[in-house]
Amino acid sequence: MKSIIYIFFFLLCTGSFAQKKPNILIIGDSVSQEPARAAAAALKDRATIVYGKYGSWDSSTALANFDKLLDGKKWDLIYFNFGLNEIMHKDSKTKGIRAMHKDVGGVKVTTPQQYEKNLQELVKRFKAKGSKVLWGATTPVVGNNGILFAGDEIKYNNIAARVMKSASVPIVDMHFHGRESHKAIPRNHGKT
């Protein structure tokens with residue numbers, strides 16, 4: 001997983017940013033934290049890499065708080081991922097994400113149709129701010145626990161891939177790298 005992020009950041013940093021030290025924002029769930037720290041350390045002399053504070057948001061919350069998401073700064077490159085929080089099942093009566101088992105009324109945080117619209121709008125807004133954009137595919141869900149279901153991330157990754165292709169946004173295949181990681185260290189998102 002680390003190597004693919006290094007490769008993309010290195011290519012982007014040595015390409016169109018060759019004349020200056022770019023500011024890079026990484027927006028993603030907790031899976032992105034460790035690779036973000038590793039990339040920041042590996043590229044500390046070539047780029048300023050910041051892991052965003054709001055990676056635990058879903059795409060609707062990110063849009064509603066767009067300026068806060070960008071921390072009021074100009075970013076040369078934004079690597080982003082919203083996925084796992086989109087496919088969680090939550091209590092439909094609460095505004096925020098409060099996980100709720102599907103069997104007792106939990107609904108997906110974001111419908112596939114809304115997810116597609118949200119991603120289109122996020123990419124449009126990132127680009128309007130003058131940022132290059134890089135998408136990180138959602139990592140695998142292993143097993144079913146009533147809140148997350150294996151395979152849902154693939155459906156949402158397919159939606160994201162369509163959006164990113166249409167917008168000419170490169171994709172870091174974190175799903176593939178997550179699958180490879182799971183072979184060595186199985187995870188089950190809460191299933192025992």
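**Notes on a helix pair**

1. Setting aside neighbours within four places in sequence, Glu 116 is in contact with Ile 159, Arg 162 and Val 163 (contact means heavy atoms within 4.5 Å). Glu 116 sits in helix α6 (helices are DSSP runs of H or I, at least four residues, numbered from the N terminus). Glu 116 is partly exposed, at a relative accessible area of 23% (buried is under 20%, exposed over 50%, partly exposed in between, with a 1.4 Å probe and protein chains only).

2. A word on the basis: this is a predicted model, where local features need pLDDT of at least 70 and side-chain atom pairs count only at pLDDT 80 or more, while totals for chains, interfaces and linings use all residues. Residues are numbered from 1 along each chain as its sequence is written, and side-chain values use heavy atoms, leaving out hydrogens and water.

3. Glu 116 and Tyr 156 lie 40 residues apart in sequence, yet their C-alpha atoms are 8.5 Å apart in space.

4. Which residues of α7 are buried? They are Asp 152, Glu 153, Tyr 156, Asn 157, Ile 159, Ala 160, Val 163 and Met 164. Viewed down the axis of α7, these buried residues fall within an arc of 160 degrees, so they line one face of the helix (the arc is that of the directions from the helix axis to the C-beta atoms). On the other side of α7, Lys 155, Lys 165 and Ser 166 are exposed.

5. Just after α7, Ser 168 has a positive phi of about 55 degrees.

Note on methods: Helices (H or I, at least four residues) and strands (E, at least two) are DSSP runs, numbered from the N terminus.
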